Amino acid sequence: MIWLWVITALLITSELQKIEPAKPETIAKKTNFYSTWAWRKLRYKAIKHYGGTCMICGASGQGVVISVDHIKPRSLYPELALDFDNLQIACMPCNMGKSNIDFTDWRQP
Ligand SMILES: [Zn+2]
């Protein structure tokens, strides 16, 4: 029976060796994306094009924090992070509620 434990321990060890620690540039890309010139320029373009009203709940005006939402979440579709056609306007509560689990396109046809 002990051979089973030995084999299991060897398998776990070999699997752990395959896991690489996150590279600093990968972390930087994740944390600094919203500070990049490319994103800010695209974000401005989206707000200018669509306006400052939440496309999900209709909130706008003073006290409403508007965000530019990735329809297909950046975490799952990083290649669409800077694709204008993947952006819509959402207030922060709607954006937070949507998270990366809903891909509804709320833009008007
Ligand atoms: Zn909203």
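This short talk goes through one predicted protein model, from its overall layout to a few individual residues.

Let me begin with the ground rules. Residues are numbered from 1 along each chain, as its sequence is written. Because the model is predicted, local features need a pLDDT of at least 70 and side-chain atom pairs count only at pLDDT 80 or more, whereas totals for chains, interfaces and linings use all residues.

On confidence, pLDDT is the predictor's confidence in each residue, from 0 to 100, and the protein chain averages 85, with 72% of the residues scoring at least 70. Among the elements, helix α2 (residues 24–32) has the lowest mean pLDDT, 58, while β2 has the highest, 98.

Now the layout. The protein chain has four helices and two strands, where helices (H or I, at least four residues) and strands (E, at least two) are DSSP runs numbered from the N terminus. Their order along the sequence is α-α-α-β-β-α. I call a residue buried if 20 or more other C-beta atoms lie within 10 Å of its own, exposed if 12 or fewer do, and partly exposed in between, with the C-beta atoms placed from the backbone. By that rule, buried residues make up 10% of the 109 residues in the protein chain. For contacts, two residues qualify if their C-beta atoms, placed from the backbone, lie within 7 Å, and of the contacts with a separation of 6 or more, 59% are between residues 24 or more positions apart.

Let me turn to helix α3, residues 37–50. Its 14 residues reach 20 Å from the first C-alpha to the last, close to the 20 Å expected at 1.5 Å a residue, the expected span being 1.5 Å times one less than the number of residues. The helix is hardly covered, since the count of buried residues among its 14 residues is zero. Following α3 comes Gly-51, with a positive phi near 90 degrees.

The strands give another picture. Strand β1 (residues 66–70) and β2 run antiparallel and are joined by five bridges, and the rule here is that two strands pair if DSSP finds at least two bridges between them. Within this pairing, Ile-66 stands opposite Cys-91 in β2. Strand β2, residues 87–91, is mostly covered, with five of its five residues buried. On one side these are Leu-87, Ile-89 and Cys-91, and on the other Gln-88 and Ala-90, so both faces of β2 are covered.

That leads to the nonpolar core, meaning a set of buried Ala, Val, Leu, Ile, Met, Phe, Trp, Tyr and Cys residues joined through C-beta atoms within 7 Å. Which residues form the largest nonpolar core? There are six, namely Cys-54, Ile-66, Ile-89, Ala-90, Cys-91 and Cys-94. Strand β2 gives the most to this core, with three residues. In soluble globular proteins, nonpolar side chains tend to be buried together.

One of these core residues, Ala-90, is in contact with Cys-54, Met-55, Ile-56, Ser-67, Asp-69, Asn-95 and Lys-98, leaving aside its neighbours within four places in sequence. Cys-57, in the loop between α3 and β1, is 33 residues from Ala-90 in sequence and 8.0 Å from it in space, C-alpha to C-alpha. Cys-57 is partly exposed, because 14 other C-beta atoms lie within 10 Å, and apart from neighbours within four places in sequence, Cys-57 is in contact with Cys-91 and Cys-94.

Finally, the segment after α4 (92–98), where we find Gln-108. Ser-99 also lies in the segment after α4, and its phi is near 50 degrees, a positive value in a residue other than glycine. Most residues other than glycine have a negative phi. Ser-99 is exposed, because 9 other C-beta atoms lie within 10 Å.

Trp-106, placed in the segment after α4, counts as partly exposed because it has 16 C-beta neighbours inside 10 Å. Not counting residues up to four places away in sequence, Trp-106 touches Met-55, Ile-56 and Gln-88, and its C-alpha is separated by 8.5 Å from that of Ile-89, 17 residues apart along the chain. Gln-108 is exposed, with 7 other C-beta atoms within 10 Å, and Gln-108 and Met-55, 53 residues apart in sequence, are 8.2 Å apart in space, C-alpha to C-alpha.
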